[in-house]
Amino acid sequence: MGNYGNRRKPAHPKPKAAKKSSKEKPPKGYDSWFEYNLHQEPLKHCVCHTETVEYTQVKRYEPDFIFHEGSLKIYIEAKGRFRDRAEARKYVDVKLGLKTKEELVFIFYNPKTPMPGARSRADGTKLTHGAWADLQGFRHFTEETVPASWGTT
């Protein structure tokens, strides 16, 4: 098979890693010690963290229900609670992807349920699902307040 005893030495010797303790943070401007070490030798002529690149992730959302109200298509999400902040963020992204005559609305089991990870405010309250929906510009309902027209043809 291969002759492992005759390996060529790399053109550039590997630089010694910067000394660090496992708890010590990398120097300012670097996300990791690995990144810092790369910038010291093999990538020393490169700039580090000077630009940003926008990107979009294309994903699919399947609404729980759809109701047509004239030319408006209403996507209805029945939600007991958000499991985490990322799930709530997903719906903001879905909203950004909707067309002009489309709307995403929520039917919350209990709109007073606190959002996941919500911190207590000075008055002791937390951001609720309903308040989050209001802040994000979503209409929301409960089982008792769903528009009657959505249940008729």
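Which residue in β3 is the bridge partner of Y75? The bridge partner is L104. The model is predicted: local features need pLDDT of at least 70, side-chain atom pairs count only at pLDDT 80 or more, and totals for chains, interfaces and linings use all residues. Residues are numbered from 1 along each chain as its sequence is written, and side-chain values use heavy atoms, with hydrogens and water left out.

The protein chain holds three helices and four strands. Helices (H or I, at least four residues) and strands (E, at least two) are DSSP runs, numbered from the N terminus. Along the sequence, the pattern is α-β-β-α-β-α-β. Buried residues make up 25% of the 153 residues in the protein chain. Here, buried means under 20% relative accessible area, exposed means over 50%, and partly exposed lies in between (1.4 Å probe, protein chains only). Of the contacts in the protein chain with a separation of 6 or more, 49% come from residues 24 or more positions apart. A contact means heavy atoms within 4.5 Å.

The four strands form an open sheet in the order β1-β2-β3-β4. Its pairing is mixed. Two strands pair if DSSP finds at least two bridges between them. The edge strands are β1 (65-69) and β4 (140-141), and each pairs on one side only. Strands β2 and β3 pair in the parallel sense over seven bridges. K79 also has a bridge partner in β3, namely F108.

Strand β3 is mostly covered, with seven of its seven residues buried. Both of its faces are covered. One side carries E102, L104, F106 and F108. The other carries E103, V105 and I107.

In helix α1, the residues W33, Y36, N37 and H39 are buried. They lie on the same side of α1, because they cover an arc of only 160 degrees around the axis. The arc is that of the directions from the helix axis to the C-beta atoms. In the loop between α1 and β1 lies E62. E62 is exposed, with a relative accessible area of 70%. E62 and E77 are 15 residues apart in sequence. In space they are 9.2 Å apart, C-alpha to C-alpha.

The buried residues of helix α3 are H129, G130, W132 and A133. These too share one side of their helix, because their arc around the axis is only 160 degrees. Their cover includes α2, β3 and β4. The face of α3 turned away from the buried side carries the exposed residues D134 and L135. After α3 comes G137, whose phi is positive, near 80 degrees.

How does α3 meet the sheet? Strands β2 and β3 pair in the parallel sense. Helix α3 (residues 129-136) packs on the sheet and touches β3 and β4. The direction of α3 makes about 165 degrees with that of β3. Axes are lines fitted to C-alpha atoms, for helices over the stretch in contact, and angles run from 0 to 180 degrees between N-to-C directions.

Aromatic rings supply another set of links. The structure holds 14 aromatic pairs. One of them joins W33 and Y36 edge-to-face, at 5.6 Å centre to centre and 85 degrees between the planes. Rings of Phe, Tyr and Trp (its six-membered ring) pair if their centres lie within 6.5 Å; planes under 30 degrees apart count as stacked, over 60 as edge-to-face and the rest as tilted. W33 and Y36 are three residues apart in helix α1 (residues 33-40), so about one helical turn separates them. Both are buried.

F82 and F108 form an edge-to-face pair, with 6.3 Å centre to centre and 80 degrees between the planes. F82 lies in the loop between β2 (72-79) and α2 (85-96), and F108 lies in strand β3 (residues 102-108), so the pair ties together parts that are 26 residues apart in sequence. F82 and F108 are both buried.

Ring pairs also link F82 and F108 into a cluster with Y61, Y91, F106, W132 and F138. The ring of F138 has the charged end of K95 over it, 4.9 Å from the ring centre. A charge sits over a ring if NZ of Lys or CZ of Arg is within 6 Å of the ring centre and within 35 degrees of the ring normal.
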